[in-house]
Amino acid sequence: MPELPEVETVRRTLNQLIVGKRIERVTVNLPRILQRPDDPLLFAAYLEGRSFVAVERRGKFLRLVLDGLVLISHLRMEGRYGLYGQEEPTELHTHVIFHFTDGTELRYKDVRQFGTMHLFAPGEEWQAAPLNKLGLEPLDDSFTLEAFRGALGKRTTKIKPLLLNQELVVGLGNIYVDEALHTARIHPETPASELKRKDQERLHAAIVETLAAAVNAGGSSIKSYVNGQGEMGLFQHSLKAYGRTGEPCLTCGAEIEKSVVGGRGTHICPRCQKPPGGSGRASLTGGSLKPRSHAVKRRLEGAGQ
Ligand SMILES: [Zn+2]
């Protein structure tokens, strides 16, 4: 599934390929991709005669700016764009085609059919789903340590699911969350509220560093991701935790372990990323042991939510 670096690579590529091109007509082969409007004829009618002005990104969403309209596109699992000549045969699973006046075509292909497209009048896209609840943009200047700490707040959610949910920070998926937490030496099940200031600092730096490195390398490619020009990403060999189950941690040599956190396959170094609360925590909170002092009891009640 493309994460921020892959989507950024697609954005840069599309920006080179389609800006300035004018849409003559639009073919929709699979209406379910369209969310707003969901009527293919209306969708096509809005777009016809308009030109692409810029291709931008918000989190994992592409923001394709046209003259007088904005198209928000999410690739989800396997969506991809490609620029073709109109004479080239249409491949299977091509669901939306933007036919340009110069004889080329932007084709949206999506084997899994989970991708989405929303059309908005310029500016309206920020007020409505899917962009209106998105969190901090991690490669933006506004992603300061203080902004990140403020967003973490006193949330007691485990840090991995919290980072995957796009309302705190956008753009991180399963791969880069595992990478960032590994770099920051934080166990994915640590409640956000238990992160010390130093943990927050390391995590903030690790998120920026991990994503920036991946963007510079052209996005990582685990399975079938291809950028807008059909090139595979280059970053997959640089992953330190994700997909390295049983291989040695590059920091300490311990074997990378795979477990499940919040329903997602999760890769950690058991030595560098200690579970929250130290080794005694599980027996204290999980068993029938009664705390002896009120202070301990209060602490357990506070942590038990
Ligand atoms: Zn390690």
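**Figure 1. Contacts across the predicted protein chain.** Residues 24 or more positions apart account for 61% of the contacts in the chain with a separation of 6 or more. The model is predicted. The chain holds 8 helices and 11 strands. Of its 305 residues, 33% count as buried.

Figure 2. An unreviewed UniProt entry places the feature "active site" at Pro2, Glu3, Lys60 and Arg264. Such annotations may be inferred rather than shown by experiment. Pro2 sits in the segment before helix 1, which covers 4–18. Glu3 belongs to the segment before helix 1 as well.

**Figure 3. The pairing of strand 6 with strand 8.** Strand 8 spans residues 104–109. How many bridges join strand 6 to strand 8? There are 6, and the two strands run antiparallel. Within this pairing, Tyr81 stands opposite Tyr108 of strand 8.

**Figure 4. Helix 6 and its buried face.** Helix 6 has 20 residues, which at 1.5 Å a residue should span 28 Å. The C-alpha atoms at its ends are 29 Å apart, which agrees. Which residues of helix 6 are buried? They are Leu203, His204, Ile207, Thr210, Leu211 and Ala214. Seen down the helix axis, these buried residues fall within an arc of 140°, so they line one face of helix 6. Their cover includes helix 1, helix 3 (145–152) and helix 5 (174–183). The face turned away from the buried side carries the exposed residues Arg197, Lys198 and Asn216. Gly218 follows helix 6 and has a positive phi, near 90°.

Figure 5. Gly246 lies in the loop between helix 6 (197–216) and strand 10 (257–261). Is Gly246 buried or exposed? Gly246 is exposed, because it has 8 other C-beta atoms within 10 Å; the limit for an exposed residue is 12 or fewer. Gly246 touches Glu255 and Ile256, not counting residues up to four places away in sequence. Gly246 and Ile256 are 10 residues apart in sequence. Their C-alpha atoms are 5.2 Å apart in space.

Figure 6. Most peptide bonds are trans. The bond joining Arg36 and Pro37 is cis, with omega about -10°. Pro37 is placed in the loop between strand 2 (34–36) and helix 2 (40–47). The bond from Ala129 to Pro130 is also cis, and its omega is near 10°. Pro130 occupies the loop between strand 9 (116–120) and helix 3.

Figure 7. Most residues other than glycine have a negative phi. Arg76 is not a glycine, yet its phi is positive, near 50°. Arg76 lies in the loop between strand 5 (69–74) and strand 6. Arg76 has 16 other C-beta atoms within 10 Å, so it counts as partly exposed. Arg185, not a glycine either, has a positive phi of about 60°. Where is Arg185 found? Its place is the loop between helix 5 and helix 6. Arg185 is partly exposed, because 18 other C-beta atoms lie within 10 Å.

Definitions and conventions. Residues numbered from 1 in each chain as written. Predicted model: local features only at pLDDT ≥ 70, side-chain atom pairs only at ≥ 80, totals over all residues. Helix = DSSP H or I, 4+ residues; strand = E, 2+ residues; numbered from the N terminus. Pairing = 2+ DSSP bridges. Buried ≥ 20, exposed ≤ 12 C-beta atoms within 10 Å, placed from the backbone. Contact = placed C-beta atoms within 7 Å. Expected span 1.5 Å × (residues − 1). Arc of directions from axis to C-beta.
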